[in-house]
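Welcome! Take a moment to look over the sequence and the model below, and then we will walk through them together.

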Amino acid sequence: MAFLKNTWYVAALATEVGPVDLFHRKLLDTSVLLYRKQDGQAVAMRDRCPHRFAPLHLGKRDGDQVICGYHALKFDCSGKCTHNPHGDGRIPKAAQVQVYPLIERYGFLWIWMGDQPADESLLPDYSPLDDGPPSGIGHTYMYMKANYQLIIDNVMDLSHIDHVHGEAITTRGQLSPVVPEIRETDRSIFARWEWKQTPPILVLSHFLPDPQAEARHFFDVTWMPPANIQLSVGGAQGDTPFDQGVGAYDLHVTTPETENTTHYFFATRRNHLVDDEDFNQMKLKAMRDAFELEDGPIITGVQDEMGDEDFFDLKPVLMSNDAASVKVRRLHKRLLEAERAPVPGQASAPATPSNAEAAV
Ligand code: FES
Ligand SMILES: [Fe+2]
């Protein structure tokens, strides 16, 4: 499976990687070890010992270093082997673990697994997730047995809401007929829906002046590579402009585990009842339940039905509601092709010595 590589993926929620444990997760078909140094900084490296390929997370820590659980080679957090308890203790040249650049930002750990130097400027700005009291912001993790692009399709095409979701976010049939306004750049696809409904969307209605009266609503979604969608939702009544109404700023991020399994990360920040931690937890659970119990069965059902076939090869019927998700697929494909195109005049990388060659 081809994945964009020279880009930032979310490896974990910042809270998933604690001060002590060796956390591990498969990302882009590669096992990755994550842990925090004693100063709190998180680091990422291949979760595979270069000796006989034991997962390093089965080992133990020695300060900021990791000792393999099989024959006790020790590695520092630059991936360098610092101790070999066998024979004369000589450290084989190939005893080096690949490390990955990692940035902790917006409540997530972002990893760069490409072969080009990590480019921090390619990490989108989601700074609203850093503002406001913690009780107004929630982060969560889900796992889906589906290709990550099916999850992206689902969030870029919000016309499914009235057909898949229940009372909490129904638009009472108003959203499906709306053809979104779409804009694109060379690295983003944006779609916006606006509509009116009576009563308003339930999750927002109690914070509007009249919970039973008509409200204007909007959804904005902005996809950026590799698999990030910033979604804003809002509602307002009367002459109140949207920026003074009630709403939420959400982030949906997917990271492929394998071709057909995905880590699904979500964050949300609301502009109402921001000091209520109980409400925060309830809202986050409600959102998570909607994604897992309502979107989940449809998306994984689609995956099961499609198997390993390519989406476009299957010649899907395309409708007005597919415009944004199809544009994302096409832009993603262009970026992937650009990344994989050979650079003129660039020689291929020299082969690295194998462990066996280096040991003798
Ligand atoms: S597999 Fe790690 S030291 Fe042998
Ligand atoms: Fe949904």
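Donors here are N, O and S atoms within 2.8 Å of the metal (3.2 Å for Na, K and Ca), and water is not among the atoms, so sites may look incomplete.

This is a predicted model, in which local features need pLDDT of at least 70 and side-chain atom pairs count only at pLDDT 80 or more, while totals for chains, interfaces and linings use all residues. Residues are numbered from 1 along each chain as its sequence is written, chains are lettered from A and ligands numbered from 1 in the order in which they are written, and side-chain values use heavy atoms, with hydrogens and water left out.

**The iron site**

H160 (NE2), H165 (NE2), D295 (OD) and D295 (OD) coordinate the iron ion (ligand 2) at 2.0 to 2.6 Å. The angles among these four donor atoms run from 54 to 144°, so the arrangement is irregular. Along the sequence, the donor residues follow the spacing H-x4-H-x129-D. H165 sits in the loop between α2 (161–164) and β13, and D295 in helix α4 (residues 277–306), so the pair ties together parts that are 130 residues apart in sequence. Helices (H or I, at least four residues) and strands (E, at least two) are DSSP runs, numbered from the N terminus.

Are these two residues buried or exposed? Buried means under 20% relative accessible area, exposed over 50%, and partly exposed in between (1.4 Å probe, protein chains only). H165 is buried at 10%, and D295 is buried at 4%.

**The seven-stranded sheet**

Seven antiparallel strands form an open sheet, in the order β12-β18-β17-β16-β15-β14-β13. Its edge strands, each pairing on one side only, are β12 (137–144) and β13 (181–185). Two strands pair if DSSP finds at least two bridges between them. From one strand to the next the twist averages 15°; axes are lines fitted to C-alpha atoms, for helices over the stretch in contact, and angles run from 0 to 180 degrees between N-to-C directions. In this sheet, W223 stands opposite I229 in β16.

| Strands | Bridges |
|---|---|
| β15 (residues 215–224) and β16 (residues 228–236) | nine bridges |
| β2 (residues 23–27) and β3 | five bridges |
| β3 and β4 (residues 42–46) | five bridges |

Helix α1 (residues 148–156) lies across β12, β14, β15, β16, β17 and β18, at about 165° to β17.

**The cores**

A nonpolar core is a set of buried Ala, Val, Leu, Ile, Met, Phe, Trp, Tyr and Cys residues joined through side-chain atoms within 4.5 Å. The largest one has 61 residues, and those with the most contacts inside it are L34, I111, M156, F219 and W223. Helix α1 gives the most to this core, with six residues. Leaving aside neighbours within four places in sequence, M156 is in contact (heavy atoms within 4.5 Å) with residues including I189, W193, W223 and I229.

**Around strand β3**

Six of the seven residues of β3 (residues 30–36) are buried, so this strand is largely enclosed by the rest of the structure. In its hairpin with β2, two residues lie between the strands, and L28 in the turn has a positive phi of about 50°.

Methods: Tetrahedral: all angles 85-135°; square planar, octahedral: opposite > 155°, others 65-115°.
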